[in-house]
Amino acid sequence: MTPGTRPMIAGNWKMHGLAADGLALAHAVKDGAKGQAELVVCPPATLVAALAGALAGTAVAVGGQDCHMAAKGAHTGDVSAPMLADAGARFVILGHSERRGAYRETDPTVRAKAEAAIAAGLIPIVCVGEPEDDRLLARAEEVVAAQVAASLPEGFGAAGGVVAYEPVWAIGTGRTPTEADIAAMHAMIRARLVAAFPGQGATLRILYGGSVKPANAAGILALPNVDGALVGGASLVAEDFLAIAAAAG
Ligand code: PGA
């Protein structure tokens, strides 16, 4: 944890959740929320408005999972940042490795989306992380440093932007880096944030994501410069998500 930051536990529901089970999950998270971590649930776009309504005035905020870089226009199937904000979202996940992979999203694309998010008043949660080959070839830090340099727009610090370090090979696999490797990567990201955003970089939140579970959360969340977690699979089970939140303090 970084002194002076409030931990954040964000749930990335991915493409899971119809109205009934999504609302039930959101209510269970809200009812069980305690402690000081900021909780965010990021449901599919179809549920953002319903959850924002159900969670209004509670300790649980709502985020989107992606947004377009334009505010509006001829982009069939896309959702813009002002639309997410209008639906009640406060956050938006950007540059998740599933989008970087499946939709060939590049760092400049992610940066433009983050700029659009900030312009709409949303707080971007920008994901970075190395594929397994780069970890094996001992160039993980180099790859992630390049993503950090090219994915974060100028206003990121002032907007209180969040970085999520998610090694691609740890997502949904049950595998995680060693705690030493997580700490080393987060220290590198911290140094880059301090250099890029001198006013805010020391206290911007850096989340770890990739197979975070109740069993490993306490160890990961206690590491220096780990200011919370971005949780996929375990965020679909309220008691697991809440157990991870409790481990954040
Ligand atoms: P996981 O996913 O917790 O299921 O590994 C994390 C993510 O993709 O954000």
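The legends below describe close-up views of a predicted model.

**View 1. The largest nonpolar core of the model has 62 residues.** Ile9, Val29, Val41 and Ile189 have the most contacts inside this core. Helix α8, which spans residues 179-196, gives the most to the core, with six residues.

**View 2. Helix α7 runs over residues 140-151.** The helix has 12 residues, and the distance from its first C-alpha to its last is 16 Å, close to the 16 Å expected at 1.5 Å a residue.

**View 3. Helix α9, residues 214-221, has the buried residues Ala217, Ile220 and Leu221.** Down the axis of α9, these buried residues fall within an arc of 85°, so they line one face of the helix. Among the elements covering them are the strands β1 (8-12), β7 (206-209) and β8 (228-231), and the helices α8 and α10 (238-247).

**View 4. Glu38 lies in strand β2, residues 38-42.** Glu38 has a relative accessible area of 11%; it counts as buried because this value is under 20%. Its contacts, leaving aside neighbours within four places in sequence, are Arg6, Pro7, Met8, Ile9, Arg90, Phe91 and Arg205.

**View 5. Ala89 is found in the loop between α3 (81-86) and β4 (91-94).** Ala89 is buried, at 6% relative accessibility. Not counting residues up to four places away in sequence, Ala89 touches Val48, Val62, Gly63, Gly64, Leu84 and Leu122. Gly53 is 36 residues from Ala89 along the chain, and the C-alpha atoms of the two are separated by 10.0 Å.

**View 6. Asp240 is found in helix α10.** With a relative accessible area of 25%, Asp240 is partly exposed. Asp240 touches Pro214 and Ala234, residues up to four places away in sequence not being counted. Its C-alpha atom is separated by 23 Å from that of Ala50, 190 residues apart from it along the chain.

**View 7. The ligand is surrounded by 13 residues.** Lys14, His96, Glu166, Gly172 and Ser211 are the closest of them. A polar side-chain atom of His96 is 2.6 Å from an oxygen atom of the ligand. An N or O atom in the side chain of Glu166 also lies 2.6 Å from a ligand oxygen atom. From Gly233, a backbone N or O atom lies 2.8 Å from an oxygen atom of the ligand.

Methods. Residues are numbered from 1 along each chain as its sequence is written. This is a predicted model: local features need pLDDT of at least 70, side-chain atom pairs count only at pLDDT 80 or more; totals for chains, interfaces and linings use all residues. Side-chain values use heavy atoms; hydrogens and water are left out. A nonpolar core is a set of buried Ala, Val, Leu, Ile, Met, Phe, Trp, Tyr and Cys residues joined through side-chain atoms within 4.5 Å. Buried means under 20% relative accessible area, exposed over 50%, partly exposed in between (1.4 Å probe, protein chains only). Helices (H or I, at least four residues) and strands (E, at least two) are DSSP runs, numbered from the N terminus. Contact means heavy atoms within 4.5 Å. The expected span of a helix is 1.5 Å times one less than its number of residues. A residue is near a molecule or strand if one of its heavy atoms lies within 4 Å of it. A polar contact is a pair of N or O atoms within 3.5 Å; within protein, one must be able to donate a hydrogen and the other to accept it, and residues adjacent in sequence count only if both atoms are side-chain atoms. The arc is that of the directions from the helix axis to the C-beta atoms.
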